[in-house]
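Please find below a colleague's note on the model shown here.

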Amino acid sequence: MTKLERIAILAAGGPAPGINSVIGAATIRACLSGVEVLGVTDGFSWLMQGDTNHILPLTIKNVAAIHFRGGSFIGISRANPAWSHEHLETTLRSLQQLGVEGVVTIGGDETAHAAMKLAKMAGGRVSFAHVPKTIDNDLELPNGIYTFGFQTARHVGVYIVKDLQVDAATTSRWYFIITMGRKSGHLALGIGKAAGVTLTIIPEEFSSPTVSLQTVIDLLTGAILKRRSYGRRDGVAILAEGVMERIDPADRERFTETSLDAESNRRISEVRFGELLRVEVGRQLAALGLASTIVAKNIGYELRCADPIPFDMEYTRDLGYCASKYLLEGGSDAIITVQGGQFRPIPFRDMIDPETGLARVRMVDIHTEHYKIARRYMLRLRRDDFEDEHECLKLAKTCGMTPEAFRSRFEYLVQDEPPPLQFEH
């Protein structure tokens, strides 16, 4: 086995709590074996341009305590060479010019895609070990393993939402909170379930590939009406930003025009989805003779560079150590995981969706008790509300409608409601 003399570490995609822990642990493990470590600043952005000047030497001394802090000690970028053969060639050439023989990449599905393509192009000349991260928890890791950063993002998010719940109750208002989660609703559901918000809406709950904007408006309106029927004028609703991605294209013209990021994805944070819902739900309530103060808020940037909680701190130090040791022992072309306390590398080929070329996406499984219990705790229109004449009458009276008119207007919302929760004895 050829001994490596120099490895590089880079972080790409969006930030997630725990990146510094990976960097620190991987650096320390390599340095203890006499291997030089280079920190590639700003992800792939400079390397794919052939610029090898943006390098930070990493030593035990300068990474010794960075695991306590959020953000990335070496920066980060969404620039991705995977979409251009020329950029892939330039990136690989840059790494070879730096004398790099192994690379620890830290990122999500698209960074994994880039590492896989670079490894294939390198043909063994440069080894790659990828550490998966995303606060969205949407990489399909085995056995329900969390992606690092998710637990910290959820933890911080819960405390932000807790304060907003107090404000909502104090001022008799509603908050519509949009969380990150472009593809799946793990973060929204994790925050909403732990905080006990009024309701959480995630893309997975809709059976069809697209959903009308009016359906989302009606889900929120129905929850407000139900809450009002119990004498409460306040509430908090959390929506995963991926819900917006599911909105029928015919309705998307109502969204504010936004710019694209380096991966040609629409910058969801610039879409005023919550504001649009605030206005439309407010208008619908006014038409029903009800006034309600609604505030729209996005949370996401507050979460992804937070200092990691101990869970993510320990978890990511394990991942960083394993990534470095894997490369030093001749390993390559794999995603680094720890399963049941044991290191388990997963070959790139086993994680990639052949249709997209990207790592497979893990969606919220709405058929599990985990999700069904979350639904039971939510205050939203349910099938029971329409089957129970007393409840239906109470809800209808709240908005000045007849039970028949109320059913005609809102009953369609429960067509995707999961079946009742039943345990096997």
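**Note on helix packing and the sheet**

1. In this predicted model, helix 7 (residues 213-229) and helix 9 (residues 273-287) have axes that come within 10 Å and cross at roughly 60 degrees. That angle makes helix 7 oblique to helix 9. The crossing in which helix 7 passes helix 9 is right-handed.

2. The residues that helix 7 brings to this contact are Leu-213, Gln-214, Val-216, Ile-217, Asp-218, Leu-220, Thr-221, Ile-224 and Leu-225. From helix 9 they meet Phe-273, Leu-276, Leu-277, Glu-280, Val-281, Gln-284 and Leu-285. Sorted by class, the contact of helix 7 with helix 9 has 11 nonpolar, three polar and two charged residues.

3. Four strands form an open sheet in the order 7-8-6-9, and their pairing is parallel. Strand 7 (199-201) and strand 9 (293-299) each have a single partner strand and stand at the edges, so one side of each is left without a neighbour in the sheet. On average, and with direction ignored, neighbouring strands of this sheet are turned by 20 degrees against each other.

4. Strand 7 and strand 8 (residues 235-240) run parallel and are joined by three bridges. Thr-200 has Ile-238 in strand 8 as its bridge partner.

5. Helix 5 (residues 150-171) lies across strand 6 (173-179), strand 8 and strand 9, and runs at about 160 degrees to strand 6. Helix 6 (residues 186-195) also packs on the sheet, where it touches strand 6, strand 7, strand 8 and strand 9. The direction of helix 6 makes about 160 degrees with that of strand 8.

Methods:
Residues numbered from 1 in each chain as written. Predicted model: local features only at pLDDT ≥ 70, side-chain atom pairs only at ≥ 80, totals over all residues. Heavy atoms only, no water. Axes fitted to C-alpha atoms, helices over the stretch in contact; angles between N-to-C directions. Helix = DSSP H or I, 4+ residues; strand = E, 2+ residues; numbered from the N terminus. Parallel < 35°, antiparallel > 145°, perpendicular 65-115°, else oblique. Left-handed = near helix turned anticlockwise from the far one by under 90°. Contact = heavy atoms within 4.5 Å. Nonpolar A, V, L, I, M, F, W, Y, C, P; charged D, E, K, R; others polar. Pairing = 2+ DSSP bridges.
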